[in-house]
Amino acid sequence: MSRSLKLYMTGLVSLSVLALLLTSFLFAADGRFPFGIRPEIAIDLGQSAEIEVFAGLAFWTLITLFAGALPVRMPRGTLVSVSIAPIVATMVLGGPVAAGWVALIGTSELREVRGRVPWYGTAVNHAGMVLPAIAGALACEAIRGAGNGRFVSFVASMAGAWIMFALNVLIVAMVVALRTNQSVRVVAVGDAKGFATSQLALSPLSWLMAQVFTIPEAWWATLLFGLPLYTTRVAHNRFVEMREMFTQTIGALAGAVDKRDPYTSKHSQRVKMIAVDIGREMHVNEPELEALEWGGLLHDVGKIGVPDRVLLKEERLTREERMLMNAHPVLGAQIIAPVTKLAPELPIIRHHHEWYNGSGYPDRLIGDEIPKLARILHVADAFEAMTAQRPYRMTPLTPEQALGELRKFAGIQFDPAVVDAFVKTPWVDGVPDAGKQAEPRQIPLIAHAADRLTQATGRKEPAPVERA
């Protein structure tokens with residue numbers, strides 16, 4: 001565990017404990033409600049007010065326990081449950097003190113009871129719910145103090161629920177990001193997009209649960225809301241299952257292509273991992289990171305159309321054979337084009353062999369004309385190929401030699417910014433790096449690039465060729 005993660009976890013737990021104790025003390029000292037908890041949460045048992053309030057707290061704690069018993073793990077590592085609904089209903093009925101205590105006790109999970117989570121992980125999990133619950137409840141209380149009526153109550157519960165949701169996502173994303181060395185933005189956006197809509201849709205449901213609970217002698221009818229909560233949890237699980245199945249299908253297709261050549265086994269998997277690490281260093285957004293994952297797996301799918309006599313040939317390829325091999329990016333894009341879900345991956349597949357100076361294939365794009373993600377994948381693909389055994393090179397390069405080649409051809413074959421980002425990844429951790437050259441390298445642009453400049457300026461004579 002990193003030092004920064006330890007400090008963050010310690011601070012989060014300490015702040016949550018302080019917030020819960022301070023809120024409980026201040027609201028109890030106010031003296032308006034028993035223990036600082038609104039009486040709307042009480043269950044009419046014909047007993048004292050304190051006992052009825054405790055009964056209401058126990059009721060909502062049990063609902064929260066059942067709602068959060070089986071969380072769903074999202075692709076980036078965030079755990080999601082539907083326990084937010086009963087916690088929001090608790091804040092509407094009982095206020096900040098009730099919301100804080102129900103969030104503390106009610107978010108216990110089976111894996112914690114079975115000892116599968118270390119004590120500090122349990123503390124962080126609960127703190128990540130208590131602090132947002134108190135913050136949302138305080139906002140809800142402030143809005144309710146501005147007026148009376150059901151509409152004000154509804155607006156207050158919506159505001160409290162959204163604040164609680166946003167703060168919880170941020171807290172959890174920070175933990176996952178520090179633990180897995182990912183960007184907080186990538187984790188938060190990547191996972192939240194899969195459940196944000198359904199979680200926020202629980203906000204009005206929470207308010208309805210609270211309203212039904214206040215109906216005399218019908219508080220038990222709140223249990224009927226267990227069905228929509230269960231279906232929401234099922235929807236979360238189906239989302240994860242469908243994405244996982246899609247990723248596994250893509251991986252199986254990539255594996256089938258790689259297995260045509262014994263020297264490229266697992267090549268696509270490694271290229272994907274390298275490309276994703278470079279993307280994180282370059283702070284690409286979540287959709288781009290996902291495109292790198294799937295594009296990395298599928299970048300060589302076009303080789304399925306390359307004959308074995310060409311694909312497996314150990315000698316130098318002839319001109320005709322080289323043309324067949326160089327057609328695989330276009331063929332790969334054509335194969336994937338009918339899959340609308342993979343539209344963002346098409347530019348990666350088609351252009352991952354373009355050279356930065358315009359001498360690559362298939363479209364001879366130059367510089368920033370090459371899609372950014374294709375430039376990232378090109379570096380990942382080249383490094384993996386150089387450090388692995390191939391029919392034409394039985395002795396692979398060392399990581400230091402491969403990095404030297406990337407530096408040597410930065411600005412010619414590779415985007416220098418991508419190479420700079422790659423050097424910061426774990427793939428070359430501890431590998432000596434010559435770094436950038438002190439003086440800019442003269443990189444001749446090919447003739448068709450000069451023609452483009454001529455056409456752009458409208459000159460009849462060739463424009464001067466710029467030097468990078």
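A salt bridge here is a side-chain nitrogen of Lys or Arg within 4 Å of a carboxyl oxygen of Asp or Glu. This is a predicted model, in which local features need pLDDT of at least 70 and side-chain atom pairs count only at pLDDT 80 or more, while totals for chains, interfaces and linings use all residues. Residues are numbered from 1 along each chain as its sequence is written, and side-chain values use heavy atoms, with hydrogens and water left out.

Q: How many salt bridges does a search of the whole structure find?
A: The search finds 11 salt bridges.

Q: What makes Asp-277 and Arg-280 a salt bridge?
A: Their closest N and O atoms are 3.6 Å apart, and because the criterion is within 4 Å, the pair qualifies.

Q: Why are Asp-277 and Arg-280 separated by about one helical turn?
A: Because they stand three residues apart in helix H10 (residues 267–281), a helix being a DSSP run (H or I, at least four residues) numbered from the N terminus.

Q: Why is Asp-277 called buried?
A: Its relative accessibility is 19%, and buried means under 20% relative accessible area, exposed over 50%, and partly exposed in between (1.4 Å probe, protein chains only). Arg-280, with a relative accessible area of 23%, is therefore partly exposed.

Q: Which parts of the chain does the salt bridge between Asp-420 and Arg-407 tie together?
A: The closest N and O atoms of this pair are 2.6 Å apart; Asp-420 lies in helix H18 and Arg-407 in helix H17, so parts 13 residues apart in sequence are tied together. Both Asp-420 and Arg-407 are buried.

Definitions and conventions
Helix = DSSP H or I, 4+ residues; strand = E, 2+ residues; numbered from the N terminus.
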